[in-house]
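Here is a briefing on one protein chain. Please keep the sequence and the 3D view open while reading.

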Amino acid sequence: MPNDRSFDPITPRKAGRITATFVAVFTGAIALFLEVGPVNVPGAWSALVIGVFAFMATYIAVTAALDRYINARLRLLFRMVHDLRTGSGHTEELEADSVGQVQKTLEVWAREKRTEIADLTEREKYRREFIGNLSHELKTPLFNIQGYVLTLLEGGLEDPKVARDFLERAARGSDRLMKIVEDMDMISKLENGVLDLRSMNIDLRSVVADPMVDVQGLPGTQGVRLINSVPPDLRVRVDPAKCEQVFTNLLENAVRYGKPGGEVEVLAYALDSEHVFVEVRDNGIGIAEEHLPRLFERFYRVSNSRARHEGGSGLGLAIVKHIVEAHGGTITVKSEEGHGTTFGFTLPKAA
């Protein structure tokens, strides 16, 4: 590690110096002993000169040999790491400080791999949750339909009233299955960019008006009041059908999780010369903060009080996000439990 001062690596030059020192001392001592003995001064100078030459020759030979040996293997390691990182056969040349260059390359490669592993772990977690949520969403209506059909086969058909009631329930279950399939198909097309947007300049207030009428007529609205506060002269360039679906999904959520006698309001204003900012506010039960980052995931449902409200495909907010992004916009959400929720997103302004 770079900050670990206790670790002092042995470089080729350091190894050469150590080896050359031992050889020089050993050679000088032998020369001194064999030629003149330990007290002859001229002999000592001769031994010193021999030791110096031995040191220089050994240092040069050992350093060159180690450099060649180590660099050959470092080049191989560098080539392997470079090829793994880039996926190509082209390899950069090693610099003079080959050890430092390889160390930096390995550190970068290690960081990339850690990031890649973390990303793969997160994807695997999301995949498991998605499969579990999808099986739950499909299992509920399928089990309901199966139960109604079995009841009819076991004698329910004999009673016309019971038969009609159970057939209507089975039909609602099949409608829910079809809704899930259609929503998943739309998300797939939006993600793959194969769903064409038929954008046109249109009055935003009118785009909001029709979904409000449809949502207001849904059963179980609990007397929630819908307010269209969009200015009448504010125009956007969007696909009207897709934009209406955005408002339908957001308004249905707001009504479904609203308080009896509560309010849902849609506001909008020009953010700049190119964008319009839209808000859908409600004063319903709100959402806990820990759920907000995952609110736009497919089939993600929050727990506790919101979990008791069933219905829908569980893909509504995911579709909203993809449609807004397909128009080049962004969407955010802010909420507080017991104080309502606000969805804010941008749409392109009509030229």
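A polar contact is a pair of N or O atoms within 3.5 Å. At the start of helix H6, a side-chain oxygen of Asp-239 comes to within 3.1 Å of the backbone nitrogen of Ala-241. The model is predicted. The protein chain has 351 residues, and buried residues make up 35% of them.

**Overall layout**

- The protein chain contains 7 helices and 7 strands.
- Along the sequence, their order is α-α-α-α-β-α-β-β-α-β-β-α-β-β.

**Helix H6**

- H6 covers residues 240-256, which is 17 residues.
- From first C-alpha to last, H6 reaches 24 Å, close to the 24 Å expected at 1.5 Å a residue.
- How much of H6 is buried? The helix is mostly covered, with 12 of its 17 residues buried.

**Salt bridges**

- The structure holds 6 salt bridges. Three of them are described here, beginning with the pair Glu-263 and Arg-225.
- The side chains of Glu-263 and Arg-225 meet at 2.4 Å, N to O. This pair links distant parts of the chain, 38 residues apart. Glu-263 sits in strand S4 (residues 263-270), and Arg-225 sits in strand S2 (residues 225-228).
- Glu-263 has 33% relative accessibility, so it counts as partly exposed. Arg-225 is partly exposed as well, at 46%.
- Glu-297 pairs with Arg-294 in a salt bridge, and their closest N and O atoms are 3.0 Å apart.
- Is Glu-297 buried or partly exposed? Buried means under 20% relative accessible area. Glu-297 has 22%, so it counts as partly exposed. Arg-294 is partly exposed at 25%.
- Glu-325 and Lys-321 form a salt bridge at 2.9 Å, N to O. Both residues lie in helix H7 (residues 316-326), 4 residues apart, which is about one turn of the helix.
- An α-helix has 3.6 residues a turn, so residues three or four places apart point the same way.
- Glu-325 is partly exposed, with a relative accessible area of 40%. Lys-321 is partly exposed, with 26%.

**Aromatic pairs**

- The structure holds 4 aromatic pairs. One of them joins Tyr-269 and Phe-277, with ring centres 5.7 Å apart.
- A pair of aromatic rings is described by the distance of the centres and the angle of the planes.
- Which class does the pair of Tyr-269 and Phe-277 fall into? Their planes stand at 50°, so the pair is tilted.
- Planes under 30 degrees apart would count as stacked, and planes over 60 as edge-to-face.
- The two residues differ in cover. Tyr-269 is partly exposed, at 44% relative accessibility, whereas Phe-277 is buried, at 17%.

**Nonpolar surface patch**

- Val-149, Leu-150 and Leu-153 form a nonpolar patch on the surface. Together they have about 280 Å² of accessible area.
- Val-149 belongs to helix H3 (residues 98-153). Its relative accessible area is 38%, so Val-149 is partly exposed.

**Contacts between separated positions**

- Arg-205 lies in helix H5 (residues 204-216). At 32% relative accessibility, Arg-205 is partly exposed.
- The C-alpha atoms of Arg-205 and Val-230 are 5.3 Å apart, while 25 residues separate the two along the chain.
- Leu-177 lies in helix H4 (residues 160-192). Its relative accessibility is 17%, so Leu-177 counts as buried.
- How far apart are the C-alpha atoms of Leu-177 and Leu-138? The separation is 6.7 Å, for residues 39 apart along the chain.

Terms used:
Residues numbered from 1 in each chain as written. Predicted model: local features only at pLDDT ≥ 70, side-chain atom pairs only at ≥ 80, totals over all residues. Heavy atoms only, no water. Patch = residues over 30% accessible without salt bridge, like charges linked within 9 Å, V, L, I, M, F, W, Y side chains within 5 Å. Areas by Shrake-Rupley, 256 points an atom, 1.4 Å probe, with all protein chains shown as cover. Salt bridge = Lys/Arg side-chain N within 4 Å of Asp/Glu carboxyl O. Helix = DSSP H or I, 4+ residues; strand = E, 2+ residues; numbered from the N terminus. Buried < 20%, exposed > 50% of the residue type's maximum accessible area, 1.4 Å probe, protein only. Expected span 1.5 Å × (residues − 1). Polar contact = N/O pair within 3.5 Å; in protein donor to acceptor, adjacent residues only side chain to side chain. Phe/Tyr/Trp six-rings, centres within 6.5 Å; stacked < 30°, edge-to-face > 60°.
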